[in-house]
Amino acid sequence: MRAVWSFWSKPFREYKGRLWHSPLHHCLAWGLSLRLARRHYPETMLVTDLEGKALLVDTLGLSFTHVSTELESIRKVDPGWWALGKLISYRLQDRPFVHLDTDVFLWKPLPAGFSSAHVFAQCPEDHPPLAEWCGPHEVERAFGQHGLSLPAEWEWSRSRGLNYYREANCGIMGGACMDFIHYYADLAIDLVLNPSHAKAWAAFDDRAGYNMVVEQFLLLACVEFHRSHPGSPYRGIGMRYLFPSFGEAFDPDAAARAGFTHLLGDAKRDTVVARRLEQRSQHEDMHFYQHCLRLSRNRSLMIPAGA
């Protein structure tokens with residue numbers, strides 16, 4: 001199984017999404033995530049743009065088996081859509097893979113059977129009605145106001161009368177059913193980039209909060225729709241999770257047993273977490289740590305200027 005990371009430099013440079021404690025810790029996390037995953041999955045791939053390649057490969061010296069600059073294709077897209085880099089990287093894969101967020105660290109390989117699973121993700125996330133900030137209902141309202149349709153999988157999922165919605169957390173995401181993953185990724189990319197949808201998305205001043213519903217809600221809606229649809233070419237598609245619930249994914253004991261760390265959200269800015277990242281990086285590769293420390297003193301090297 002191939003280990004994959006994506007890095008779209010434009011959202012990073014414009015401070016979209018969650019920030020690390022410092023540029024130093026962002027670079028240390030890249031080195032540690034790659035080093036740990038490569039022990040279990042020697043074939044690695046980075047999907048980025050030219051600026052990202054300059055930072056991660058040319059400046060930091062990270063070594064990937066494959067480097068794609070496919071994300072140059074979205075250099076003019078609103079950087080608030082930071083999940084687009086991930087979606088495009090999913091679409092590029094031609095063999096079983098696991099995509100890891102930069103704040104994910106695999107101390108152990110994934111469980112046996114994950115390399116042949118149709119699709120897998122970190123864990124399910126349940127969102128009750130009162131927690132529908134940037135949820136699917138707001139997207140439905142905006143599209144409906146302009147007479148636009150959402151994907152059939154989305155509409156089917158929302159028609160079931162549930163009083164909550166569920167997503168698949170994509171801290172890790174991957175699988176072996178490449179046709180289905182390509183189908184899903186194409187659907188999600190089109191949902192964001194199709195020019196006919198622009199007037200609906202224009203209703204939102206800040207689109208960043210809708211990345212999760214486009215990536216994570218739509219993924220699970222696609223799996224559940226096609227799993228039992230009698231006419232679907234993907235009938236029988238299955239989803240596996242590393243953890244059975246969001247709570248267990250962030251239970252320290254459960255995470256330790258799985259050999260898995262995900263520094264979700266503001267954990268990346270925590271001072272104690274930052275210090276532990278430094279210590280672990282020093283233990284793993286003192287030369288790389290010192291290299292990052294030298295670079296961190298020159299901010300222009302850590303965040304290259306746009307072309």
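## Strand β4 and its partners

Strands β4 and β7 (residues 165-175) pair in the antiparallel sense, over four bridges. Here two strands count as paired if DSSP finds at least two bridges between them. Helices (H or I, at least four residues) and strands (E, at least two) are DSSP runs, numbered from the N terminus. Within this pair, Phe-97 stands opposite Gly-175 in β7.

This is a predicted model: local features need pLDDT of at least 70, side-chain atom pairs count only at pLDDT 80 or more, and totals for chains, interfaces and linings use all residues. Residues are numbered from 1 along each chain as its sequence is written, and side-chain values use heavy atoms, with hydrogens and water left out.

Strand β4 covers residues 97-100. Phe-97 and His-99 point one way from β4, Val-98 and Leu-100 point the other way, and all are buried. Buried means under 20% relative accessible area, exposed means over 50%, and partly exposed lies in between (1.4 Å probe, protein chains only). β4 also pairs with strand β1 (residues 2-7), in the parallel sense and over three bridges. There, Ala-3 has Val-98 of β4 as its bridge partner.

## From β1 to β2 and β3

β1 pairs with β2 as well, in the parallel sense over five bridges. Val-4 stands opposite Met-45 in β2. Three bridges then join β2 to strand β3 (residues 66-68), and these two run parallel. Met-45 stands opposite His-66 in β3.

Five of the five residues of β2 are buried, so β2 is largely enclosed by the rest of the structure. Its side chains split into two sets. Thr-44, Leu-46 and Thr-48 point one way, while Met-45 and Val-47 point the other way.

## Strand β6

Strand β6 spans residues 119-127. Eight of its nine residues are buried, so β6 is largely enclosed by the rest of the structure. Seven bridges join β6 to β7, and the two run antiparallel. β6 also pairs with strand β8 (residues 239-241), in the parallel sense over three bridges.

## Helix α4

Helix α4 takes in residues 84-92. Seven of its nine residues are buried, so α4 is largely enclosed by the rest of the structure. Those buried residues are Leu-84, Gly-85, Lys-86, Leu-87, Ile-88, Ser-89 and Tyr-90.

Their cover includes the strands β1, β2 (44-48), β4 and β7. It also includes the helices α7 (178-193) and α9 (211-228).

## Two buried residues in helices

Glu-153 lies in helix α6 (residues 152-158). Glu-153 is buried, with a relative accessible area of 2%. Leaving out residues up to four places away in sequence, Glu-153 touches Tyr-183, Leu-187, Ala-221, Cys-222, Phe-225 and His-226. Contact means heavy atoms within 4.5 Å. Asp-205 is 52 residues from Glu-153 along the chain, and their C-alpha atoms are separated by 26 Å.

His-25 lies in helix α2 (residues 23-40). His-25 is buried too, with a relative accessible area of 4%. Leaving out residues up to four places away in sequence, His-25 touches Trp-20, Ala-274, Leu-277 and Glu-278.

## The chain as a whole

The chain has 14 helices and nine strands. Its radius of gyration is 19 Å, close to the 19 Å that the globule rule gives for 307 residues, so the chain is as compact as a globular protein of that length. The radius is taken over C-alpha atoms, and the rule is 2.2 Å times the number of residues to the power 0.38. Along the principal axes, the C-alpha atoms fill a box of roughly 55 × 45 × 35 Å. Of the 307 residues, 52% count as buried. Among contacts with a separation of 6 or more, 78% come from residues 24 or more positions apart.

The accessible surface comes to about 13,500 Å², of which 51% belongs to carbon and sulfur atoms. Areas come from the Shrake-Rupley method with a 1.4 Å probe; for residues, only the protein chains shown count as cover. The chain has 33 positive and 34 negative side chains, and the centres of the two sets lie 5 Å apart. Lys and Arg count as positive and Asp and Glu as negative, while His and the chain ends are not counted. The place of a charge is taken as NZ of Lys, CZ of Arg, CG of Asp or CD of Glu.
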